[in-house]
Amino acid sequence: MIITLTPNANPKAVRQILTHHGLWVAQIARDDLADETHFVIADHSAYVHPSVLTNIPGIRSVSVPQTDHPRIDKQGPCVDVRGVTIGGGLPVFMCGPCSVDSPDTIHRIAAHVASLGVQFLRGGAYKPRTSPYSFQGHGPEALSWLFDAARAHNLRIVTEVLAEADVPVVAERADLLQIGSRNMQNFALLKAVGAAHRPVLLKRSMSATVEEWLLAGEYLLVHGAAGVVLCERGIRGFDNPTRNLLDLGSVALLAHVHRLPVIVDPSHATGRRDLILPLGRAALAAGAAGVMIETHPEPSCALSDGPQAVPLEALGTTLDSLKKGLA
Ligand code: PEP
Ligand code: MN
């Protein structure tokens, strides 16, 4: 980005204001013939909307480089989901089972997580799996169970939509539509989900660069999504004592430089319940807007991802410790 000052501006004073906005003045160039001073702003500075900059006394013009994702660059750090703000304040928690397995279990989970102050009930009705022969979710029935349980306890619902054909039925029930990591670049699905005009939780594909992730978010906004919340859930590494490699560097980059809301999902990132707390803490310290945690009253009976589920009775301690880390 290049900022041109007015001829009578005080470059030192303007530079100070820019620095306060989180911009790094990488270079100053003086053009004596045109009686102009230009600041070159480093690419990795914080994002500040150009209209904010042109209002600073002493700045004549701002020229912004072309970006392939202008809408997500401008979205800002907060997304409203039916009255709950994700980003810009206290962390939000999204808790629930991997898959919604029965009406009783989801009601039990909803009642408990609501009593702990959790804002979102998660749970898959349509499940993407590593093997197509694994359980793929109870479908529309599970959506109704999830909906009833969430509404009974004033929880917001985040649930995955796997196929274009399912967008209407999922959008009718979910407050936040989840695009799973296996579908981050399924552009036909992104288009259909965008057209539902709802906020979207966009999980990062296990092999996507940050740029590809932002482009997918852009595509959702182009097609009408009411807001995009990113979710880091681990990328493919070369070692597998943990299921994936949780990329907290990208979380910090997106939160502090791009100023976008990012949720971290340590459950799918590690596949181990004993690592949820340390990585949840690290995520919040890195700037995450919240944490997604899988939980189940009887993890050994869960229909999917039991080994990573925090037992429901232990969730309160986990959340308390996460919140304490912020104090
Ligand atoms: C999930 O959140 O239920 C899920 C399947 O996650 P991911 O898409 O990150 O694997
Ligand atoms: Mn799962």
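Which protein donors does the manganese ion (ligand 2) have? In this predicted model, the ion is held by Cys98 through SG, His268 through NE2, Glu294 through OE and Asp305 through OD, at distances of 2.0 to 2.3 Å. Along the sequence, these donor residues follow the spacing C-x169-H-x25-E-x10-D. Cys98 is buried, with a relative accessible area of 5%. Asp305 is also counted as buried, at 16% relative accessibility.

A search of the whole structure finds 1 cavity of 30 Å³ or more, and the volume of the largest cavity is about 50 Å³. Its lining is made up of 13 residues, and those nearest the centre are Pro97, Cys98, Ala302, Ser304 and Ala309. Strand E14 makes the greatest contribution to this lining, giving 3 residues. Sorted by class, the lining of the cavity holds 5 nonpolar, 6 polar and 2 charged residues.

The open space is described next. The largest pocket contains about 670 Å³ of space. It is lined by 24 residues, and Asp43, Tyr47, Pro65, Thr67 and Asp73 are the closest to its centre. Helix H3 (70-75), helix H8 (210-222) and helix H9 each supply at least two residues of this lining. By class, 14 of the pocket-lining residues are nonpolar, 6 are polar and 4 are charged.

Helix H11 (residues 276-286) can be read in the same way. Its buried residues are Ile276, Gly280, Ala283, Leu284 and Ala286. Seen down the axis of H11, they fall within an arc of 160°, so here too the buried residues line one face of the helix. That set packs against helix H9 (248-257), strand E13 (262-264), helix H10 (266-270), strand E14 (290-296), strand E15 (310-311) and helix H12 (312-324). Following H11 comes Gly287, with a positive phi near 115°.

Leu202 is found in strand E11 and is buried, with a relative accessible area of 0%. Setting aside residues up to four places away in sequence, Leu202 touches Ile179, Met184, Leu190, Trp213, Ala216, Gly217, Leu220, Val228, Val229, Leu230 and Cys231. The C-alpha atoms of Leu202 and Asn183 are separated by 9.1 Å, and these two residues are 19 residues apart along the chain.

Glu160 sits in strand E9 (residues 156-160). Is this residue buried or exposed? Glu160 is buried, because its relative accessible area is 7% and the cut-off for burial is under 20%. Beyond its neighbours within four places in sequence, Glu160 is in contact with Tyr126, Pro128, Val170, Gln178, Gly180 and Asn183. The C-alpha atom of Glu160 is separated by 6.0 Å from that of Gly124, a residue 36 residues away along the chain.

Most residues other than glycine have a negative phi. Arg82, although not a glycine, has a positive phi of about 40°. This arginine lies in the loop between strand E5 (79-81) and strand E6 (84-86), and Arg82 counts as partly exposed at 39% relative accessibility. Phi is likewise positive in His197, near 55°. His197 is placed in the loop between helix H7 (187-194) and strand E11 (199-203). With a relative accessibility of 53%, His197 counts as exposed.

Methods
Residues numbered from 1 in each chain as written. Chains lettered and ligands numbered in written order. Predicted model: local features only at pLDDT ≥ 70, side-chain atom pairs only at ≥ 80, totals over all residues. Heavy atoms only, no water. Helix = DSSP H or I, 4+ residues; strand = E, 2+ residues; numbered from the N terminus. Buried < 20%, exposed > 50% of the residue type's maximum accessible area, 1.4 Å probe, protein only. Arc of directions from axis to C-beta. Contact = heavy atoms within 4.5 Å. 1 Å grid on protein atoms, 1.4 Å probe; cavity = no way out; pocket = protein on both sides within 12 Å on 5 of 7 lines; lining within 4 Å. Points joined across faces, edges and corners; volume = space filled by probe spheres on them. Nonpolar A, V, L, I, M, F, W, Y, C, P; charged D, E, K, R; others polar. Donors = N, O, S within 2.8 Å, 3.2 Å for Na, K, Ca; no water.
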